[in-house]
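Hello,

Here is the structure for you to look through. My notes follow below it.

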Amino acid sequence: MKKVITFGEVLMRLTTPNFARFSQSDAFNINFGGGEANVSSSLAIMGIPASHVTVFPDNDLGYAARTTYLKYGVGTEFMQMKGNRLGIYFVENGAAMRPSKVIYDRFDSAFALLNPADFDWESIFADAQWFHFTGISPAISASAAEACLQAVKVARRMGLTISADVGYRKNLWQWGKKPSEVMPELISYCDIIICSKGDANDMFGITPNDEKGSFKSICQQILTQFPQAKFVLNTKRGQISASHNTLSGQCWNGTEMIKTKTIDIPNIIDRIGGGDAFMAGFIYAYITFQDIQKALEYGVAASALKHTVEGDFNLATLQEIEMVVKGDVSGKLKR
């Protein structure tokens with residue numbers, strides 16, 4: 001099977017243990033994560049060959065991060081070891097009515113200072129069928145945005161399926177251009193777009209144009225603006241509390257809105273990375289079944305399970321995901 005390729009920054013994640021507040025903690029749990037790398041790791045665990053493209057610093061922290069992905073079966077052959085700094089982010093997981101908090105410390109990371117000329121995208125995509133990126137990568141620096149543009153151009157020319165999670169992050173766009181000046185060109189190469197109402201407005205200036213203010217009207221405008229795209233996806237989250245959410249998925253395929261059932265997610269352990277788990281589940285099932293309804297169902301099941309796993313990426317197995325797809329959310333002891 002041909003590979004899925006992802007591209008983006010990986011950060012060291014420092015999480016307060018046992019839902020502690022930053023002011024309480026004298027220690028942090030360490031792991032690694034990044035939106036696109038989370039997709040690769042989840043796919044590898046599900047059995048889809050996946051490689052991640054990134055730049056790590058040439059030091060012990062960079063090698064520790066690379067080893068983490070190697071451990072879970074992600075291809076590391078396109079991970080460059082250059083520069084001096086690994087970006088960091090700190091997480092305080094919320095509970096009940098107290099929301100989670102995230103603090104970033106990623107300025108001048110090895111990835112932010114990458115050289116676009118260092119990536120031979122034709123070689124990277126030689127044995128690939130799918131390329132996935134997010135709106136986070138082009139937000140980090142001008143050079144990262146340029147590398148992303150080069151990647152989508154080559155991927156399009158080589159016939160890969162291209163997906164993008166628009167993912168607007170206001171605090172990251174600090175290098176001189178607005179997202180509306182960068183993202184439309186990148187998204188014009190995509191087959192599959194993951195985009196919320198808010199992201200559509202922030203990135204493309206698209207707002208609902210019907211009386212209901214519907215997501216459908218957003219999707220119709222996106223497909224008009226980006227005719228290369230075939231589908232617009234989104235998850236719908238019900239926020240009961242920081243510890244209790246509901247989740248469903250939806251996809252506009254140009255003629256109808258395809259939806260999943262809603263999954264109830266009580267007693268959340270960690271919701272960060274839920275969108276990446278959704279994308280991984282979707283990619284897995286779309287490659288396997290070529291069926292949008294099944295792809296959405298696998299995506300939502302994978303995302304729901306990610307909420308039960310601490311850390312950035314989803315450690316749920318394919319068997320566990322398929323149990324949830326079939327409606328088994330009992331959590332019954334297996335032995």
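A96 sits in the loop between β6 (88–92) and β7. Strands (E, at least two residues) and helices (H or I, at least four) are DSSP runs, numbered from the N terminus. This is a predicted model: local features need pLDDT of at least 70, side-chain atom pairs count only at pLDDT 80 or more, and totals for chains, interfaces and linings use all residues. Residues are numbered from 1 along each chain as its sequence is written, and side-chain values use heavy atoms, with hydrogens and water left out.

Back to A96. Its phi is near 55°, a positive value in a residue other than glycine. Most residues other than glycine have a negative phi. A96 is partly exposed, with a relative accessible area of 33%. Buried means under 20% relative accessible area, exposed means over 50%, and partly exposed lies in between (1.4 Å probe, protein chains only).

Q290 also deserves a look. Its phi is positive, about 55°, although Q290 is not a glycine. You will find Q290 in the loop between α9 (274–289) and α10 (292–306). Is Q290 buried or exposed? Q290 is exposed, with a relative accessible area of 55%.

**The open sheet**

Next, a sheet. It is open, has 4 strands in the order β3-β2-β6-β7, and its pairing is mixed. Two strands pair if DSSP finds at least two bridges between them. Why is one side of β3 and of β7 left without a neighbour in the sheet? β3 (29–33) and β7 (101–105) stand at the edges, so each has a single partner strand. Neighbouring strands of this sheet are turned by 25° against each other on average, direction ignored. Axes here are lines fitted to C-alpha atoms, for helices over the stretch in contact, and angles run from 0 to 180 degrees between N-to-C directions.

Strand β2 (residues 11–15) pairs with β3 in the antiparallel sense, over 5 bridges. R13 has N31 as its bridge partner in β3. L14 stands opposite I30 in β3. Helix α2 (residues 60–71) packs on the sheet and touches β2 and β3. The direction of α2 makes about 70° with that of β3. On the β6 side, β2 runs parallel to β6, and 4 bridges join them. There, L14 stands opposite F90.

In a regular strand the side chains alternate between the two faces of the sheet. In β2, L11, R13 and T15 point one way, M12 and L14 point the other way, and all are buried. With 5 of its 5 residues buried, β2 is largely enclosed by the rest of the structure.

**Around β8**

Strand β8 (residues 128–134) has 6 of its 7 residues buried, so it is largely enclosed by the rest of the structure. Strand β1 (residues 3–7) pairs with β8 in the parallel sense over 4 bridges. I5 has F131 as its bridge partner in β8. Strand β9 (residues 161–165) also runs parallel to β8, with 5 bridges joining the two. H132 has S163 as its bridge partner in β9.

**The cores**

A nonpolar core is a set of buried Ala, Val, Leu, Ile, Met, Phe, Trp, Tyr and Cys residues joined through side-chain atoms within 4.5 Å. In soluble globular proteins, nonpolar side chains tend to be buried together. The largest core here has 55 residues. Those with the most contacts inside it are F7, W121, F125, F131, F133 and I187. Helix α5 (residues 142–157) gives the most to this core, with 9 residues. A second, separate core of 39 residues includes I258, I283, A285 and V300.

**A buried charge**

E36 is found in helix α1 (residues 35–46). Leaving aside neighbours within four places in sequence, E36 is in contact (heavy atoms within 4.5 Å) with residues including F7, H52, H132 and F133.

Best wishes
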